[in-house]
Amino acid sequence: MGRIPSFDRAEVVRAARGVFWHEGYEGASVPALEEATGLRRSSLYHAFGSKRGLFDAAVESYLDEVVRPRLRPLQGADVAVTAARDYLVGLRDALARARTLPATSGCLLINAASAPIGDDHAVAETVAAYRAELRDALAAGVAARHPERSEGERLRLAEALTGLVVAALATVRVDAQAAARTLDTAVGLLEG
């Protein structure tokens, strides 16, 4: 009979998520994952099957604990007029907080998309689904802010805002001020 795991799975996944977020999948060494989680390789592999299994769990954790709480005000039945603006300003503020993972490492999924792991079909699908969820949430925010505009105009604006958010998340690692300006541009487009 196997040993019963004596660790908090969610805490282990969060710790690994930080390593993957900062280092990327390829850069996250198993020794670094062991150090961050406090578990030995054998325990990690027993619990998650492989480094990739741990990465997949980290991505789900990232979506559930980082991405979706920020999008939630844009996804309900009653989206506030200010929800899209609040999202963009909140994201800009999060990216401006020095020495935090969003400020130093951008977005776990955008990073994965531009790394070799992004060639994996399942990862590519996850990134595409994330972008679609972001676009749909922003579209709901645009519709709440601009009900007078045609559906086509609102969808084009939501696409533009999505592109600017993705650009800011990709840029913040190398130029936080440019990322902030990109999100300020998004706010200007939304409000214009």
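Guide: Start with the buried residues of helix 8 in this predicted model. They are Val123, Val127, Tyr130, Glu133, Leu134, Ala137, Leu138, Ala139, Gly141, Val142 and Ala144.

Visitor: What covers the buried residues of helix 8?

Guide: The cover includes helix 4, helix 5, helix 7, helix 9 and helix 10.

Visitor: Why is alanine 143 called partly exposed?

Guide: Alanine 143 lies in helix 8. Its relative accessible area is 28%. Buried needs under 20%, and exposed needs over 50%. The value falls in between, so alanine 143 is partly exposed.

Visitor: How do you know that helix 8 has close to its expected length?

Guide: Helix 8 has 25 residues. The expected span is 1.5 Å times one less than the number of residues. That gives 36 Å for helix 8, and the helix reaches 36 Å from its first C-alpha to its last.

Visitor: What is found at the start of helix 8?

Guide: A side-chain oxygen of aspartate 120 reaches to within 3.0 Å of the backbone nitrogen of alanine 122. A polar contact needs N or O atoms within 3.5 Å. The pair of aspartate 120 and alanine 122 meets that distance limit.

Visitor: What makes helix 5 and helix 9 roughly parallel?

Guide: Helix 5 (residues 83-96) and helix 9 (residues 151-171) pack at about 5 degrees. Their axes are 11 Å apart. The limit is under 35 degrees, so these two helices are roughly parallel to each other.

Visitor: Which residues meet there, and how do they divide by class?

Guide: Tyr87, Leu88, Leu91 and Leu95 in helix 5 meet Leu161, Val165, Ala168 and Leu169 in helix 9. The division is eight nonpolar, no polar and no charged.

Visitor: Why does threonine 182 count as buried?

Guide: Threonine 182 is found in helix 10, residues 176-191. Its relative accessibility is 18%. The cut-off is under 20%, so threonine 182 counts as buried.

Visitor: What does threonine 182 touch?

Guide: Leaving aside neighbours within four places in sequence, threonine 182 is in contact with Leu164, Ala167 and Ala168. Its side chain also reaches the backbone oxygen of alanine 178 at 2.9 Å.

Visitor: How many helices and strands does the protein chain have?

Guide: The protein chain comes to ten helices and zero strands. Buried residues make up 42% of its 192 residues. The C-alpha atoms fill a box of roughly 65 × 35 × 30 Å.

Definitions and conventions:
Residues numbered from 1 in each chain as written. Predicted model: local features only at pLDDT ≥ 70, side-chain atom pairs only at ≥ 80, totals over all residues. Heavy atoms only, no water. Helix = DSSP H or I, 4+ residues; strand = E, 2+ residues; numbered from the N terminus. Buried < 20%, exposed > 50% of the residue type's maximum accessible area, 1.4 Å probe, protein only. Polar contact = N/O pair within 3.5 Å; in protein donor to acceptor, adjacent residues only side chain to side chain. Contact = heavy atoms within 4.5 Å. Axes fitted to C-alpha atoms, helices over the stretch in contact; angles between N-to-C directions. Parallel < 35°, antiparallel > 145°, perpendicular 65-115°, else oblique. Nonpolar A, V, L, I, M, F, W, Y, C, P; charged D, E, K, R; others polar.
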